[in-house]
There are 2 protein chains.
Amino acid sequence: MRVTKALADSQRVRILLLLEGGELCVCQIVAVLSLAPSTISKHLSILEDADLIVGRKEGRWAYFRLASGRPGAFTMPIRKWISQALDTDPVILQDRKKLKRVTSCAPAVLRQRQRKAS
Amino acid sequence: MRVTKALADSQRVRILLLLEGGELCVCQIVAVLSLAPSTISKHLSILEDADLIVGRKEGRWAYFRLASGRPGAFTMPIRKWISQALDTDPVILQDRKKLKRVTSCAPAVLRQRQRKAS
DNA sequence: CTGTCATTTCGTTATATGGCGAAATATAGA
DNA sequence: TCTATATTTCGCCATATAACGAAATGACAG
């Protein structure tokens, strides 16, 4: 149930698909989805509780990546399915574009710009 | 999204797993889950909208079965996954037991007994 | 130590969802 | 036609969930 509940929210699915491109910093995810950091943090904890992603702390920064996918792993077919099912979704495509811009500089630089903007 | 939302409720997952044993009448599902017919009906419509099951009417009776699973079908890996993941779940095992009793007589007989009981 | 800053936790609010019973619908049978 | 009956639709209520901002946390920088 934890897994399906975790997948039952579109923002969380967006996060999962973003992470297919590799590990990301929380602030990068915030930048792409344009949601409050507290909201993103909650989503991340739900995904982590479902063992869909794993987090790692490095100083003040927190990084998340997809849970290690041993080919036989439980959640593997699910991830594949989601990936296939939404590969042409306009929101997802947009997210990938935005992610490119966001990851074109280091998280620290990104945050600096975010602070200036507000 | 429709699929994952459909799977994010335990009662609906229970229904899916019941249907693995083959087509069932609504009243049989009601009997196993012990929920109001209106509630079950709603769940069934959500599962049908997600293309996870298909319904069929025969006179006053309505039957539902798992959506035809061409091996390559979209929802196939999901179904497999759920089936594996919950195969030892106590609630699911109990449901299967109850289903056996429920399907030991025709739906019409079942309903007759249900009416007497209330 | 003190301040800054990334993230998380907490409290609140609006909306979504699951449940029921009553009424509506549709069909079989008298 | 009229009644009984299986299912669905509707309206309501209680709870769950997603979102935010504010405050707490933890770590680096001076």
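Okay, let's start with how the elements are named: helices (H or I, at least four residues) and strands (E, at least two) are DSSP runs, numbered from the N terminus. What you see here is a predicted model, where local features need pLDDT of at least 70 and side-chain atom pairs count only at pLDDT 80 or more, while totals for chains, interfaces and linings use all residues. Residues are numbered from 1 along each chain as its sequence is written, chains are lettered from A and ligands numbered from 1 in the order in which they are written, and side-chain values use heavy atoms, with hydrogens and water left out.

Let's go to DNA strand D. Which elements each supply at least two residues of the surface near it? From chain A we have helix H2 (10-19) and helix H4 (37-49), and from chain B helix H3 (26-33), helix H4 (37-49), S3 and helix H7 (107-117). Near, by the way, means that a residue has a heavy atom within 4 Å of the molecule or strand. There are 23 residues around DNA strand D, and Arg12(A), Thr39(A), His43(A), Ser38(B) and Ser41(B) come nearest. By class, that surface has nine nonpolar, seven polar and seven charged residues. For the classes, Ala, Val, Leu, Ile, Met, Phe, Trp, Tyr, Cys and Pro count as nonpolar, Asp, Glu, Lys and Arg as charged, and the others, Gly among them, as polar.

Now, sugar or phosphate accounts for 76% of the atoms of DNA strand D within 4 Å of the protein, and the rest belong to bases. Some phosphate contacts: the side chain of Thr39(A) has an N or O atom 2.7 Å from a phosphate oxygen of DNA strand D. With Ala62(B) it's a backbone N or O atom, 3.3 Å from a phosphate oxygen of DNA strand D.

Over to DNA strand C. It is surrounded by 23 residues, the closest being Arg111(A), Arg115(A), Arg12(B), Thr39(B) and His43(B). Of the atoms of DNA strand C within 4 Å of the protein, 77% are sugar and phosphate. A polar side-chain atom of His43(B) sits 2.3 Å from a phosphate oxygen of DNA strand C. For Arg111(A), a polar side-chain atom is 2.7 Å from a phosphate oxygen of DNA strand C, and for Arg12(B) a side-chain N or O atom is 2.8 Å from one. Two or more residues of this surface come from each of helix H3 (26-33), H4, S3 and helix H7 (107-117) of chain A, and from each of H2 and H4 of chain B.

Next, the sheet in chain A. It's an open one, three strands in the order S1-S3-S2, with antiparallel pairing; strands pair if DSSP finds at least two bridges between them. S1 (24-25) and S2 are the edge strands, each pairing on one side only. Two bridges join S1(A) to S3(A), and Leu24(A) stands opposite Phe64(A). Between S2 (53-58) and S3 (61-66) there are six bridges, with Val54(A) partnered by Arg65(A). Those two strands form a hairpin with two residues between them, and Gly59(A) in the turn has a positive phi of about 65°.

Last stop, helix H5 (76-85) of chain B. Which residues are buried there? Ile78(B), Arg79(B), Trp81(B), Ile82(B) and Ser83(B) are, where buried means under 20% relative accessible area (1.4 Å probe, protein chains only).

Conventions. Buried means under 20% relative accessible area, exposed over 50%, partly exposed in between (1.4 Å probe, protein chains only). A polar contact is a pair of N or O atoms within 3.5 Å; within protein, one must be able to donate a hydrogen and the other to accept it, and residues adjacent in sequence count only if both atoms are side-chain atoms.
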